[in-house]
Amino acid sequence: MTQEERQRLEERIIDVIKTVYDPEIPVDIYNLGLIYRIDLQDDGLLEVDMTLTAPNCPAADFIVEDVRIKLDGIDGIKSTRVNLVFEPEWDKDMMSEEAKLELGFM
């Protein structure tokens, strides 16, 4: 994979992640700051570390599976592993400016 192909694929990964929402919050999980790490290997294996706004989120399984299914659907991705992590603990300062504005924190 060339550097240009890799960059396009990484941009596509982020675009797809931005289509995933917590059902209780009208902002995508990327702009909420829930994605901690995106690791794309040259062989097409993708690993994502993400968290939730609260450890006891009732939609956790739905959100994690939605991320995995959508990312697996991208051409060039062979397999996706989504790791749910809680370190560091998420807080509203991790949100993008856009998300803070949307949710009334600015």
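**Reading a fold from the inside out**

Me: With which residues is isoleucine 63 in contact, leaving aside its neighbours within four places in sequence?

Reply: A contact list shows what surrounds a residue. In this predicted model, isoleucine 63 is in contact with Val20, Tyr21, Asp22, Pro23, Ile29, Met50, Leu52 and Cys57, once neighbours within four places in sequence are set aside.

Me: Is aspartate 49 buried or exposed?

Reply: Compare its relative accessible area with the cut-off: buried means under 20%. Aspartate 49 has 16%, so it counts as buried. This residue sits in strand β2. Its side chain makes a polar contact with the side chain of asparagine 83, at 2.9 Å. Beyond residues up to four places away in sequence, aspartate 49 touches Leu34, Ile35, Tyr36, Arg37, Asn83 and Val85.

Me: In what order do the elements of the chain run?

Reply: Read them from the N terminus on: α-β-β-α-β-α. That makes three helices and three strands. The radius of gyration is 14 Å, close to the 13 Å from the globule rule for 106 residues, so the chain is as compact as a globular protein of that length.

Me: What share of the 106 residues is buried?

Reply: Buried residues make up 38% of them.

How values were computed:
Residues are numbered from 1 along each chain as its sequence is written. This is a predicted model: local features need pLDDT of at least 70, side-chain atom pairs count only at pLDDT 80 or more; totals for chains, interfaces and linings use all residues. Side-chain values use heavy atoms; hydrogens and water are left out. Contact means heavy atoms within 4.5 Å. Helices (H or I, at least four residues) and strands (E, at least two) are DSSP runs, numbered from the N terminus. Buried means under 20% relative accessible area, exposed over 50%, partly exposed in between (1.4 Å probe, protein chains only). A polar contact is a pair of N or O atoms within 3.5 Å; within protein, one must be able to donate a hydrogen and the other to accept it, and residues adjacent in sequence count only if both atoms are side-chain atoms. The radius of gyration is taken over C-alpha atoms; the globule rule is 2.2 Å times the number of residues to the power 0.38.
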